[in-house]
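Here is a short report on one protein model. Please look over the sequence and the structure before reading on.

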Amino acid sequence: MDCNRREFIKVTGTGVLGLSLLQLGVDITPVQAYTATLKTTGTKEIVTVCPFCSVSCHIVASVRNGKLISTEGDPEYPINEGALCAKGAALFTMTLDNRLQKPMYRAAGATRWVEKSWEWTLEQIADRVKKVRDKDLILKNDKGQTVNRLESMFFIGTSHADNEECAIAHQMSRGLGIVHIDHQART
Ligand code: SF4
């Protein structure tokens, strides 16, 4: 029988367990019924690539009825051999409905967070960034050399931004003259 590593583990693992329980006289019918609800039952496995850094670990995405139900490291990919760092392991959490869907704003001195629209929030950010940049942009250094440097603003990225989002954020920051930039795109 031809089978890959994942299928081999599945077959031998369940086969050995079933044989042992049967030998002990245990009725495994309820167990078999339960396995019908497990995440691997009725799912299609799609191999994809973690988007969070250039290591590009492979991830097995399980899809049932067109819905993503789990992600885990691909044991057959030689680079990560089934392992994922904290960012890759948390990939599935990005798809959960209980994540915040709208910006929350807490005004200076206020104690409560208030839900705001994306339009309002982006306008606020753009307005404040422009005011600070207009005030603080350093055009030339002490030697008269052009530097176009903005030292009063700091850009920090999130671990849930993918490679492409990081590239765009980096270009935008440099375009504004920001020199203080950090991001958790390190493993
Ligand atoms: S972020 Fe982690 S899991 Fe994703 S590719 Fe990089 S090392 Fe692999």
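## Overall layout

This is a predicted model. The protein contains 5 helices and 8 strands. Read from the N terminus, its elements follow the order α-α-β-β-β-α-β-β-α-β-β-α-β.

Burial is scored by counting C-beta neighbours, with 20 or more within 10 Å needed for a buried residue. By that count, 6% of the 187 residues in the protein are buried. Contacts can also be sorted by distance along the chain. Among contacts with a separation of 6 or more, 35% link residues 24 or more positions apart.

## The sheet β1-β2-β3

Three strands form an open sheet in the order β1-β2-β3, and the pairing is antiparallel. The edges are taken by β1 (44-49) and β3 (67-73). Each has a single partner strand, so one side of each has no neighbour in the sheet. From one strand to the next, the twist averages 30 degrees.

Strand β2 covers residues 58-64 and runs antiparallel to β1, with 6 bridges joining the two. Ile 46 sits opposite Ala 61 of β2, and Val 47 sits opposite Val 60 of β2. In a regular strand, side chains alternate between the two faces of the sheet.

How many of the 6 residues of β1 are buried? The number is 0, so β1 lies largely in the open.

Strand β7 spans residues 146-156 and pairs with β8 in the parallel sense, over 4 bridges. Within this pairing, Phe 154 stands opposite His 180 in β8.

## Helix α5 and its end

Helix α5 comprises 14 residues, 163-176. From first C-alpha to last, α5 reaches 20 Å. That is close to the 20 Å expected at 1.5 Å a residue.

## The ligand shell

There are 12 residues around the ligand. Which of them come nearest? They are Cys 50, Cys 53, Cys 57, Cys 85 and Gly 88. By class, the shell holds 7 nonpolar, 4 polar and 1 charged residue.

## Ala 89 in α3

Helix α3 runs over residues 86-89 and includes Ala 89. Is Ala 89 partly exposed or buried? Ala 89 has 16 C-beta neighbours inside 10 Å, so it counts as partly exposed. The buried class would need 20 or more.

Thr 71 lies 18 residues from Ala 89 along the chain, and their C-alpha atoms are separated by 7.7 Å.

Terms used:
Residues numbered from 1 in each chain as written. Predicted model: local features only at pLDDT ≥ 70, side-chain atom pairs only at ≥ 80, totals over all residues. Pairing = 2+ DSSP bridges. Axes fitted to C-alpha atoms, helices over the stretch in contact; angles between N-to-C directions. Buried ≥ 20, exposed ≤ 12 C-beta atoms within 10 Å, placed from the backbone. Contact = placed C-beta atoms within 7 Å. Expected span 1.5 Å × (residues − 1). Near = placed C-beta within 6 Å. Nonpolar A, V, L, I, M, F, W, Y, C, P; charged D, E, K, R; others polar.
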